[in-house]
Amino acid sequence: MTTSGAALPSANGPGADNVGSGTAEPHGAVPDDQPGSASMTECAPCVARPLPLPQRVESVRAAIAAEPEPLVTLTHLLQLCRDEHPVLQERIQDPACRARAARIAAGVMPLLPAQAPVAVFGPQARGALAAALAPDPDLPAVVVARALAELLDEHYFRSFIESFRRRSPYQPGVGDPIPLDSPDLRQVTTLPPTSPPWRLANRLDETRHVRLAGEWVMQFQVVFDYGLAGALSGLIGPDTIVATCHPNQTLAEFRFPADTRGRTFPVRPADEQRQHREIDRLIGAAVAAGASIVVLPELCVTEPLAARLQGLTCRPDGPRMLVAGSYHHDDEHDGPPRRRNTAVAYLRGCPSPLTQDKHSPADRPVNEDIQPQGWPQVRVHVSDDGWHLVLAICRDLLNPHAVHALTEAGANLLLVPAMSETMTAFGGPVANLVGAGQAFVAVANNPADFSGPAEPAARRPARALFGHPGFGQLTRLVQPPGAEPGVALLHVQTGQLQWLDTGTARPDPGRAGTAMLPVWAGRLARLTGPARFGPDRWQSTQVTLRAAAALVLLTDDSRHGPAVLLTERAPDLAHYPGQLVFPGGGAEAGDDGPAATALREAAEETGLDPGSVRILGALPPLALPDSGFLLTPVLAWSAGPVFTGTTNLAEVSTLTTIPLRRRACADPGERALAADQGTPVGSRPAPLGAVTGTILDLLRGMLDLGGTPDAATAGAGPGPGPGQSYHH
């Protein structure tokens, strides 16, 4: 930490004087009585020996006695706590020791200046702080240092903000202080946070508002930037909606120029004008839905297109902040040209964009030919109300060292453009950031389909991943049923997720003159997409299926006859999110046939007591190539199912009983049980999974039930309709 351009000295860092009797041999020296000693030259020690504790304490006392700034004084105290953490960890557990240290700190308090945004210690205050660390054989000075550090943090943290702001852009070194700002989540979300209200947890080198930087600042050039502190204030509040926009359906909508070694640069949209129209349309839909923060995916723009999008934040009907994805470009401004992948964000009222370079090149789905700088930078944009905003690009979030640096730096708002064939790997790093720093995270992924021309089955990753301090699982995925462009929304106050299907499938330019499709044909086209099994794409592919079973539990409904038990899948699962399905799963080695698998899975998912049901039989197995299962529907009956266990909320949101005569629970009088409460809930009927609908149709045919689907759910298909929410 610098006060006038000089680094804050470390009591035992490299360069400190060695202290001893003067008789010890320097490292690498040869005693004079050994042969060859006359020709040997003594060398300096490779590692400086630390000062003995008494002299180290005296060094800290001298520094404090001359230091007028509370933040720098606190830094000296925390450095002593870090250096002597074994003693502090042991003695701070002693109540008598803590009580004596607290009395000494309380005696210093009347001599300190009043709390103020800018506080300065006069000679009297500095002398009292230094005297508090006077040697005492019964009380280690480090315990008093800890009590004084907590006292200064509690009374002068407002002055710390001004100290950091004065040094902006501030790049800390090892042992320097960094700010730990925390917005009041009670003013942001109604959900209780899953982590403590502030981050101190047995860390002896931090207080509530300040932490000493560790070795992680040597791996990344971490910069705290207060230049937009006022403009970023209030960026997130209880009414904030964060949107991710997803303009592309397949990899065919991009250009991937590769050299002879397979390295790809620059990746860009194949049709920039159409991409601009699509992005503009999606951002308009997001803002119309209430979004004030919009994030676009990685490499969905070019540098000129990103610059054109800046005007959206200047419009009254535009977002307050727009992360315009990222783009490939050659940087010729600082030395030799270097290939970069740069994310850019625009903030209303700020003429200059926020930028961030990617430092972890991708090798899938393409071998990305960028040349990151040797010392990657992480820029933390600090707001007046405690947000630490960071832009990251796709694979950077999978770098464990980068995630550690972000966590240590207190990043609590991350906006991440991505272009990845899976979002699964992002769950762990995002959960770590949410749990450790109460962070809000939005990852925008693109395109919807990463399958190649010769693949008969689509490979569709989740379109978005959100982290929220109120999520029980810390992260949630948004995975719509189709590949059409759309918008994912996160309501910050409630944690609700929503997918907006913003339009129909794009028309084929070669058939623009043909007649308009009827409504039902257009729906089929949206559900099935382009023909994936044409002569130019079809290849004979062998698929290995794993045995699985589902429990089709039938009960009696006094009004409607036979009824079945269904589970509504959690909205963040990879397969069939938010859909009504039968409980079930893959067979395990200990299962004695499909019935045992179905009962075990039902017990694990819903808490069903297997003894309360009677097995009737099984339907023919159904092949599910997309998920890799051969599913056997096991029929069972119960006059009154008994649930003795707890519902697995990681998989099941709701338990629902529906009559066989209807496709969904549309009657308000029908029973829908919340999985976490066991009480009736009123909500829109969830869509049936495709396999679930097939099994129900088979049962209707076998039982000769002539009921028709309700009008409200006719044509519901395998996924949510336009605008349907994914929510717990």
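Predicted model: local features only at pLDDT ≥ 70, side-chain atom pairs only at ≥ 80, totals over all residues.
Local features need pLDDT of at least 70, side-chain atom pairs count only at pLDDT 80 or more, and totals for chains, interfaces and linings use all residues. Residues are numbered from 1 along each chain as its sequence is written, and side-chain values use heavy atoms, with hydrogens and water left out.

Start with the sheet. Helices (H or I, at least four residues) and strands (E, at least two) are DSSP runs, numbered from the N terminus. Two strands pair if DSSP finds at least two bridges between them. Seven strands form an open sheet, in the order β3-β13-β14-β15-β16-β17-β18, with mixed pairing. At its edges are β3 (221-225) and β18 (475-478), each pairing on one side only. From one strand to the next, the twist averages 15°. Strands β3 and β13 (residues 377-382) run parallel and are joined by five bridges. Within β13, Val380 is the bridge partner of Phe224.

Now follow Phe224. Contact means heavy atoms within 4.5 Å. Leaving out residues up to four places away in sequence, Phe224 touches Ser168, Pro169, Tyr170 and Val380, among others. Phe224 also forms one aromatic cluster with Phe164 and Tyr170. Rings of Phe, Tyr and Trp (its six-membered ring) pair if their centres lie within 6.5 Å; planes under 30 degrees apart count as stacked, over 60 as edge-to-face and the rest as tilted.

Next, the cores. Buried means under 20% relative accessible area, exposed over 50%, and partly exposed in between (1.4 Å probe, protein chains only). A nonpolar core is a set of buried Ala, Val, Leu, Ile, Met, Phe, Trp, Tyr and Cys residues joined through side-chain atoms within 4.5 Å. The largest such core has 80 residues, and Leu112, Leu148, Phe224, Leu397 and Leu414 touch the most other members. Helix α6 (residues 141-166) gives the most to this core, 13 residues. Another core, of 32 residues, lies apart from it and includes Val242 and Leu490.

Helix α14 (residues 594-606) is worth a look. Its 13 residues reach 18 Å from first C-alpha to last, close to the 18 Å expected at 1.5 Å a residue. The expected span is 1.5 Å times one less than the number of residues. Its buried residues include Leu599, Arg600 and Glu601. Among the strands covering the buried residues of α14 are β21 (546-557) and β22 (561-569). Just after α14, Gly607 takes a positive phi of about 80°.

A hairpin comes next. Strands β10 and β11 form it, with six residues between them, and Gly349 in the turn has a positive phi of about 85°. The two strands run antiparallel, joined by four bridges. Thr342 stands opposite Asp357 in β11. In a regular strand the side chains alternate between the two faces of the sheet. Strand β11 (residues 354-357) has Leu354 and Gln356 on a covered face, and Thr355 and Asp357 on an uncovered one.

Finish with the loops. The peptide bond from Phe265 to Pro266 is cis, with omega near -5°. Pro266 sits in the loop between β6 (263-264) and β7 (268-269). Another cis peptide bond joins Asn446 and Pro447; Pro447 is in the loop between β16 and β17. Leu299 is not a glycine, yet has a positive phi of about 60°. Leu299 is buried, at 4% relative accessible area.

How values were computed:
Axes fitted to C-alpha atoms, helices over the stretch in contact; angles between N-to-C directions.
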